[in-house]
Amino acid sequence: MENLDQLYEAILKGNRPLAIETTKLAIEQKVDIRTIIDNYMSKAMDEIGHRFENGKAFVPELLMSARAMKGAMELLQPFLANSDVPRAGTVVIGTVKGDLHDIGKNLVAAMLEGSGFEVINIGVDIPSGKFVSSVVEHQANILCLSALLTTTMNYMKDVIRALEEAGIRNKVKIMIGGAPISSTFATEIGADGYSSNANAAVALARQLLAS
Ligand code: B12
């Protein structure tokens, strides 16, 4: 579909109405949902990130792109959450304390939901105690932690420590992710796994529950 380039541009330029309109059209034309997300929406977010890094875009532009991406994602969410699939396990997911980035975390949540997991998305800026109480309340099999800042990624260690102190570390698998995270970091802090994107997160979740 030709207009998908327009979706990339709309997100890059932070044009939410155009992003929504183009996404609607793509859905009507039955374009593959993951192609829309991976090849156009996420790529536009990567590009705005590079521009920010190089001093060619600033926080207001980031915010506008994020709003455009969110508007388009809301339309795609129902297609990712396929209710026909049997439940594969329960996942609690959140962005750690001090960090407000939630686009990638919400994408991981939507993909997991679409693949049959029950997902409790507890939001952003989450302190360790809230992660612990949510895991207990929902009897989660997997806890997913997201961080996009080098200043907040270390807080993941505090969350794992809090689970240990609550005596439930061995009852839940911990998956971590976000732009500054690596598998080395995951091993270092004692998480069970890391993945760099939402598709791989689904495979990792299945693998962790099978082990
Ligand atoms: C959009 C954005 C914002 C928006 C966030 C809006 C929102 N609701 O999320 C706003 C404008 C609010 C923002 C604010 C800030 N931001 Co910002 N932001 C970004 C940007 C451009 C895109 C992030 C994004 O949404 N990417 C798209 C999604 C789809 O990708 P993703 O988040 O990486 O997620 C994928 C994977 O990482 C993975 N994943 C993510 N979470 C998880 C969890 C699990 C369990 C797993 C398995 C996988 C996984 O799967 C996802 C899907 O494939 C990035 C640049 C970048 N390229 O990352 C900067 C970036 C993260 N921000 C940055 C900075 C510096 C800031 C601010 C400090 C700026 C400021 N001076 O105020 C503030 C901090 C606010 C705070 N306390 O959190 C820096 C961080 C630098 C660093 N090394 O720490 C970056 C890298 C930009 C840069 N290049 O300098 N930001």
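## Ligand shell

Helix 3 supplies the largest share of the shell around the ligand, 7 residues. Helices (H or I, at least four residues) and strands (E, at least two) are DSSP runs, numbered from the N terminus. The structure is a predicted model, in which local features need pLDDT of at least 70, side-chain atom pairs count only at pLDDT 80 or more, and totals for chains, interfaces and linings use all residues. Residue numbers start from 1 along each chain as its sequence is written.

There are 39 residues around the ligand, and Gly49, Ile103, Gly104, Ser146 and Gly177 come nearest; a residue is near a molecule or strand if its C-beta atom, placed from the backbone, lies within 6 Å of it. Two or more residues of this shell come from each of helix 3 (33–53), helix 4 (59–80), helix 5 (103–114), strand 3 (142–146), strand 4 (173–177) and helix 9 (198–210). Divided by class, the shell holds 21 nonpolar, 13 polar and 5 charged residues. In this division Ala, Val, Leu, Ile, Met, Phe, Trp, Tyr, Cys and Pro count as nonpolar, Asp, Glu, Lys and Arg as charged, and the others, Gly among them, as polar. Both domain 1 (4–80) and domain 2 (89–210) contribute at least three residues to the shell.

The chain is assigned domain 1 (4–80) and domain 2 (89–210), with bounds that come from an automatic or database domain assignment. The centres of the two domains, taken over C-alpha atoms, are separated by 24 Å.

Across the boundary, 8 residues of domain 1 are in contact with 7 residues of domain 2; contact requires that the C-beta atoms of two residues, placed from the backbone, lie within 7 Å. On the side of domain 1 that touches domain 2, helix 3 and helix 4 are the elements that give two or more residues. Helix 4 gives the largest share of that side, 6 residues. The composition of that side is 6 nonpolar, 1 polar and 1 charged.

An open sheet is formed by 5 strands in the order 2-1-3-4-5, with parallel pairing. Its edge strands, each pairing on one side only, are strand 2 (117–126) and strand 5 (193–194). Two strands pair if DSSP finds at least two bridges between them. Strand 1 pairs with strand 2 in the parallel sense over 7 bridges, and Thr90 stands opposite Glu118 in strand 2. Strand 1 is also joined to strand 3 by 5 bridges, again in parallel, with Ile93 opposite Cys144 of strand 3. Strand 1 is mostly covered, since 6 of its 8 residues are buried; a residue is buried if 20 or more other C-beta atoms lie within 10 Å of its own, exposed if 12 or fewer, and partly exposed in between, with C-beta atoms placed from the backbone.

Strand 4 and strand 5 run parallel and are joined by 2 bridges. Met175 has Gly193 as its bridge partner in strand 5. Helix 6 (residues 128–138) lies across strand 1 (89–96), strand 2 and strand 3, and runs at about 160 degrees to strand 2. Helix 7 (residues 155–165) also packs on the sheet, where it touches strand 1, strand 3 and strand 4, and its direction makes about 135 degrees with that of strand 1. Axes are lines fitted to C-alpha atoms, for helices over the stretch in contact, and angles run from 0 to 180 degrees between N-to-C directions.

## Individual residues

Most residues other than glycine have a negative phi. Lys30, in the loop between helix 2 (16–28) and helix 3, has a positive phi near 55 degrees. Lys30 counts as exposed because it has 8 C-beta neighbours inside 10 Å. Asp125, in strand 2, likewise has a positive phi, of about 55 degrees, although it is not a glycine. Asp125 has 14 C-beta neighbours inside 10 Å and therefore counts as partly exposed.

Asp192 lies in the loop between helix 8 (183–189) and strand 5. Asp192 is partly exposed because 18 other C-beta atoms lie within 10 Å. Apart from neighbours within four places in sequence, Asp192 is in contact with Lys173, Ile174, Met175 and Leu208. The C-alpha atoms of Asp192 and Leu143 are separated by 9.9 Å, while the two residues are 49 residues apart along the chain.
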